[in-house]
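Biologist: I am new to this structure and would like to go through it step by step. Please show it to me.

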Amino acid sequence: MGQYTASQRKNVRILLVGDAGVGKTSLILSLVSEEYPEEVPPRAEEITIPANVTPEQVPTNIVDFSSAEQSDDALAVEINKAHVVCIVYAVDDDDSLDRITSHWLPLVRSSCTTQNTNNSNNTSGDPEVLRKPIVLVGNKIDLIEYSTIDSVLAIMEDYPEIESCVECSAKTLHNISEMFYYAQKAVLHPTSPLYIMEEQDLTPACKKSLVRIFKICDIDSDNLLNDYELNLFQRRCFNTPLQPQILDEVKSVIQKNVPDGIYNDAVTLKGFLFLHCLFIQRGRNETTWAVLRRFGYNDQLEMCQEYLRPPLKIPPGSSTELSHRGQQFLIAVFERYDRDGDGALSPEEHKMLFSTCPAAPWSYSTDIRKSCPTNDAGWVTLHGWLCRWTLMTLVDVVRTLEYLAYLGFNVHENDSQLVAIHVTRERRIDLAKRQSSRSVYKCHVIGPKGSGKTGLCRGFLIEDMSKLLGKEFKTNVVHCINSVQVYGQEKHLILRDIDARHALDPLQPQEVNCDVACLVYDASNPRSFEYIARIYIKYYAESKIPVMIVGTKCDLDERRQDYLMQPNEFCEKYKLLPPHLFSLKSNKKELYTKLATMAAFPRFQAAWILFYKHRLVQLWESAYLRQFGLMTEDPKLWIKAGLGVAAATVLGFIVLKAISGTHLR
């Protein structure tokens, strides 16, 4: 895809205002015709300058104002429509200079004052002043031999919306092009969001943005930008390497002005901020803006929505997973902040990792420890880290896109974060092929209160499930994710703990639809099975979603269920696999592999049946074994079956050879 740059305006609208006779119309006509007009009309018609003839390659509309032909109301409308206002005064007329502060600047401010109650920052309900960029233009410089810039600079200190000032002459064409360039620049590369003139310092918002950029570019996380990192930064922002001589000169300037701006021949954060402050002081706002826009910032120094959330088309029935590039980026980020190299992120390392984001996407103390694998200290491992991102990508892919952008994926990968996402094929195709192409499956765990479904979910995350015995689960984390092996391939299984309600209360579609359903009952509670039996009949009996019935707490005495049918009879009637008996105490985890296999091969029971040896024997017994007089009680059953298969193979070979010989004759 190449570089991403935050979108700029599609055009620039410049309005010229000022007292009568200061030369507003002459300036416009001189720019267009490149010569001074002998006859000047009261007002010039609006003109459009094509993008290919402007320095910034942006179409520019120039609008003239005449107090003789237009009313004050019309002026207010034009001020609000304009992107920048050029206040023109005559350098040989002190009254026109004085009226900049006594009339024109207050007029522009009052015209831009609106009752903006939609702004979340405006909680008082008072009118909010929307600063309109202003350029002060002193015309008729050909008539005097002195400059008025010193007087104008004093005005600029009191009015931060004034971006720049310029003296020019419509008659000699001196600085005419520069005047309109400054006006364009005031819109495309404004100073006020970046710099506080009276303090001679960067604005807090600009500092915050540049600090984030510094952290993203600091690949080795040593709080310094070395030559490699500076060159990478330069290439990403400006598509060109930084020449060694220029790099040395930059370091020399920083060292001279900020003693602690250079450390071990690398640029510190202070040096980085000073450099951008220097760019702005020297009128090179476009350099800082190019950096900010490359990292996704808009004119208000907020992250652009199109940068954070690029459009992603997800067909109905498809899901979203991390692509290989997405996984590799997240592994690199993890290893970058795992400073002690212990294979896990401590709370402090986790906090530092997300320091380039508004906040962490999840709670470390509750969510992480309850939703994905961690080490014995409760710190997220690399495996758990990838699992947690996999979970977020499936259930909230927009949030994944946002946080990949915050972490600098677009810059480090030089591409949109869309390449970090894989959109799977539609589920209906998986069902038709009886095999899923996905690597992440969602299993809904449904059961009555006290059935042990939450323990079943949490047991998926730890090695020794018996540690969960007798534990109360009070947190509201509903998803647990881990990886399992399905026929030699790694798959991720997400268990969603569906909140239990009365069996007659309806489940929402998003609570029913999944890749595989796990209906849980307490085998030691005679009233537990009825709940999931009703759930199955109401929601899953006619669906194409694979279902597994699980009886928990099988280490306790199994009780007969107070229902029309016992679990085994129920499963047989509805052609389900026999109930899987589960206990945290036994610490057996084949349940999770079975669930993932059922999700991977929907409606293809031959792939599931390998997990049920007794069922396999029953199928052989009913379909084939009885035909040969072989019984399951026969201790030599499998030897006899193997010899039978071998005999059938030899017989087939002999028949094939005989047929081939007949054909040859």
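Biologist: At what angle do helix α8 (residues 244–257) and α9 pack?
Modeller: This is a predicted model, in which local features need pLDDT of at least 70, side-chain atom pairs count only at pLDDT 80 or more, and totals for chains, interfaces and linings use all residues. Residues are numbered from 1 along each chain as its sequence is written, and side-chain values use heavy atoms, with hydrogens and water left out. Helices (H or I, at least four residues) and strands (E, at least two) are DSSP runs numbered from the N terminus, and axes are lines fitted to C-alpha atoms, for helices over the stretch in contact, with angles from 0 to 180 degrees between N-to-C directions. The axes of α8 and α9 are 10 Å apart, and the packing angle is about 100°.

Biologist: Are α8 and α9 roughly parallel or roughly perpendicular to each other?
Modeller: Angles under 35 degrees count as roughly parallel, over 145 as roughly antiparallel, 65 to 115 as roughly perpendicular and the rest as oblique. The angle here is about 100°, so α8 and α9 are roughly perpendicular.

Biologist: Which residues in α9 do V250, V253, I254 and N257 in α8 meet?
Modeller: Contact means heavy atoms within 4.5 Å. By that rule, the four α8 residues V250, V253, I254 and N257 meet G271, F274, L275 and L278.

Biologist: Which residues does W389 touch?
Modeller: Residues up to four places away in sequence are not counted. What remains is L322, L330, F354, W362, T400, Y403, L404 and L407.

Biologist: What is the order of the open sheet that has edge strands β18 (479–486) and β22 (580–581)?
Modeller: Two strands pair if DSSP finds at least two bridges between them. Each of the edge strands β18 and β22 pairs on one side only. The sheet has 6 strands with mixed pairing, in the order β18-β19-β17-β20-β21-β22.

Biologist: Which residue in β19 is the bridge partner of V440?
Modeller: Strands β17 (residues 440–446) and β19 (residues 489–497) pair in the parallel sense over 6 bridges. V445 stands opposite D497, while the partner of V440 is H492.

Biologist: How many residues of β17 are buried?
Modeller: β17 also pairs with β20 in the parallel sense over 4 bridges, and C443 stands opposite V516 there. Helix α21 (residues 529–540) lies across β17, β20 (516–522) and β21 (547–552). β17 is mostly covered, and the buried count is 6 of its 7 residues.

Biologist: Which residue in β4 is the bridge partner of I14?
Modeller: Strands β1 (residues 12–18) and β4 (residues 84–90) run parallel and are joined by 5 bridges. The partner of I14 is V84.

Terms used
Buried means under 20% relative accessible area, exposed over 50%, partly exposed in between (1.4 Å probe, protein chains only).
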